[in-house]
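Here is a short tour for anyone meeting this protein for the first time. Take a look at the sequence and the model, then read on.

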Amino acid sequence: MKFLAIPVLLELVSVALAQSTNKCISEFLGYPCCSSSNTPVYYKDDDGDWGIDSATGDWCGITKINDASCWSTKFGYPCCKKTCTAIEKDKDGSWAIEGSHWCGIPANCSGNQPSQPSQPSQPSQPSQPANDFVEDHRKQCQIGNIQTSVNNSKLPDPFKTLSGKRVSTKAEWTCRREEIAATFEKIMFGEKPRNPDKVEGRKSGNKYTVTVTNKGNTASFDVTISNAGTAAKPKPAIIGLDQGFGMGGSLGASTNGLDVASITFNTNNLAPENNPRSGAFFKANPSSNAGTIMAWAWGVSRLIDALEKDSSVGIDVKHLAVTGCSRLGKAALAIGAFDERIALTIPQESGSGGASLWRVGAQVNRQKGKQFVQGLGSAATEGNWMISSFRNYDGRETTLPFDQHMLTGMVAPRALLIIDNAGQEWLGEVPSNYCGQATKEIFDALGATDKYTYTQEGGHMHCSLPNGQFDEVKDFVNKFLLGKDAKTGKIDYSKNTQPINFSKSEWIDWTTPRLA
């Protein structure tokens, strides 16, 4: 049996494991086997498959070492999977090292010639991706079969995974969030391209040019940066979506006096609504079928990639906000939902396709006997925002496997301030409000109630933020970008133009968990 250069503690572990041939590789690393044989895979590395124990919320191992064809399992060591080259031999057989631990080479392997022995490093812990500063965690999560049609007049359960299991921990929410994202990509927005080959940024005055190279295709786009900090003292920034009208997010004077940088992001540079393929997104991703909203979201992600590597610009990428109004409010929400590096998301008056429920909007239109709220068929065909097949759900909203509370919920547990304009019929005062209330269930579940506010006020022009909503903006920027004390976390629709009678039992038939 091989114990050369193995720590004494590992020797004791191997003796215990020798009592059974149905153990997990994880036990070498100080983690138990998963108690259930149906535990979903949440992460993969060289040490096998990993899950989350439903009872404890801790990592557990799924990959067994009970392969009868490998003689080393009786000594408590797994069989080698990737190598047949031995680094040591003894009376028991040939040995190698994989994933920082010894493994036995099966007898039917070839090329078992001893090489210079080396000592394995101390076993490492599995990576825990939930705390990484990354765009998303898609590569760590297995996405199962996505249903494209259901029969559900109520709001779908955001906590029920594709396998039918409900999440019970915050760690499980990481991959549930990716399932929701993948569902929106498949049905509504189109797939977001990930991991381009190269992203570079170059600053010239206030202009910052981002150049992306992806599979032999290169494209560039510009943004405007104002009031930036320095490399030694970078500033938080608000990315204001714009289409050449100087709106810059439509937050108006609410940010006056706040020491943050401003980044004006013209979405037309990525994908103009009237000719999407003329923009930088489709030049870099010519085979994509994504709608313009996802194209814009991709552009902001690539901007963050460039800023993350370029400290000379003076932007604190760990404290970024994104905002936009109307169609750009829809985009701001999607950007914050699909990129976890956004610290604060502020969609303003986003309407259908944004923070407004499809099912409730359809009900309102049926009750009114006309298209009172912008319907799915209209939103699905305007501005090339969504993939063309999404329009097939018009009149069939109850067959959608999601509703927009799941898009807003994807932002959780990061900060989300939803600003709505009561009295704007086309935006949907009722479906927007109901979405705001359903979203709170997800933030509450994640213990992030203070990171969410929904505010709705009427009596003003579209995309003209009234003074009554300035305080919410200032509080969220102060707290989540500048790190100052501020009061956040409320549902405020005291200034609505019509009664709001949200009945939770009418729309929600699932319980809200308290995720550990």
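The protein chain has a mean pLDDT of 86, and 83% of its residues reach 70 or more; pLDDT is the predictor's confidence in each residue, from 0 to 100. This is a predicted model, where local features need pLDDT of at least 70, side-chain atom pairs count only at pLDDT 80 or more, and totals for chains, interfaces and linings use all residues. Residues are numbered from 1 along each chain as its sequence is written, and side-chain values use heavy atoms, with hydrogens and water left out.

Two stretches call for some caution. Over residues 1-21 pLDDT stays under 50, and the model has 39 contacts there beyond four places in sequence, a contact being heavy atoms within 4.5 Å. Residues 111-131 also stay under 50 in pLDDT, with 48 contacts beyond four places in sequence.

## The chain as a whole

Count up the pieces and you get 11 helices and 16 strands. These are DSSP runs, numbered from the N terminus: helices are H or I with at least four residues, strands are E with at least two. Of the 516 residues in the chain, 56% count as buried. Buried means under 20% relative accessible area, exposed means over 50%, and partly exposed is in between (1.4 Å probe, protein chains only).

As for contacts with a separation of 6 or more, 69% of them in the protein chain come from residues 24 or more positions apart.

## The ten-strand sheet

An open sheet of 10 strands runs in the order β7-β8-β9-β11-β10-β12-β13-β14-β15-β16, and its pairing is mixed. Two strands pair if DSSP finds at least two bridges between them. β7 (198-204) and β16 (490-495) are at the edges with a single partner strand each, so one side of each has no neighbour in the sheet. On average, neighbouring strands here are turned by 20° against each other, direction ignored.

β7 and β8 run antiparallel and are joined by seven bridges; Gly-201 sits opposite Val-210 in β8, and Ser-204 has Lys-207 as its bridge partner in β8. These two strands make a hairpin with two residues between them, and Gly-205 in the turn has a positive phi of about 65°. β8 then pairs with β9 in the antiparallel sense over eight bridges, with Thr-213 opposite Thr-218 in β9. Their hairpin also has two residues between the strands, and Lys-215 takes a positive phi near 55°. Further along, β10 (residues 235-242) and β11 (residues 261-266) run parallel, joined by six bridges, and Gly-240 faces Thr-264 in β11.

## Helices around the sheet

Helix α4 (residues 292-309) lies across β7, β8 (207-214), β9 (217-226), β10, β11 and β12 (315-325), at about 105° to β8. Helix α5 lies across β10, β12, β13 (344-348) and β14 (415-420), at about 145° to β12. Axes are lines fitted to C-alpha atoms, for helices over the stretch in contact, and angles run from 0 to 180 degrees between N-to-C directions.

α5 (residues 327-338) also meets helix α2 (residues 170-189): their axes come within 11 Å and cross at roughly 140°. That makes α2 and α5 oblique to each other; under 35 degrees counts as roughly parallel, over 145 as roughly antiparallel, 65 to 115 as roughly perpendicular and the rest as oblique. From α2, Arg-177, Ala-181, Phe-184, Glu-185 and Phe-189 meet Ala-334, Ala-337 and Phe-338 of α5. By class, that contact has six nonpolar, no polar and two charged residues. Here Ala, Val, Leu, Ile, Met, Phe, Trp, Tyr, Cys and Pro count as nonpolar, Asp, Glu, Lys and Arg as charged, and the others, Gly among them, as polar.

## Two buried residues

Ala-343 lies in the loop between α5 and β13, and at 17% relative accessibility it counts as buried. Ala-343 and Ala-321 are 22 residues apart in sequence, yet 5.8 Å apart in space, C-alpha to C-alpha. Beyond its neighbours within four places in sequence, Ala-343 is in contact with residues including Lys-318, Arg-414 and Phe-480.

Trp-95 is in strand β5 (residues 93-98). With a relative accessible area of 0%, Trp-95 is buried. From Trp-95 to Thr-85 is 10 residues in sequence and 8.3 Å in space, C-alpha to C-alpha.
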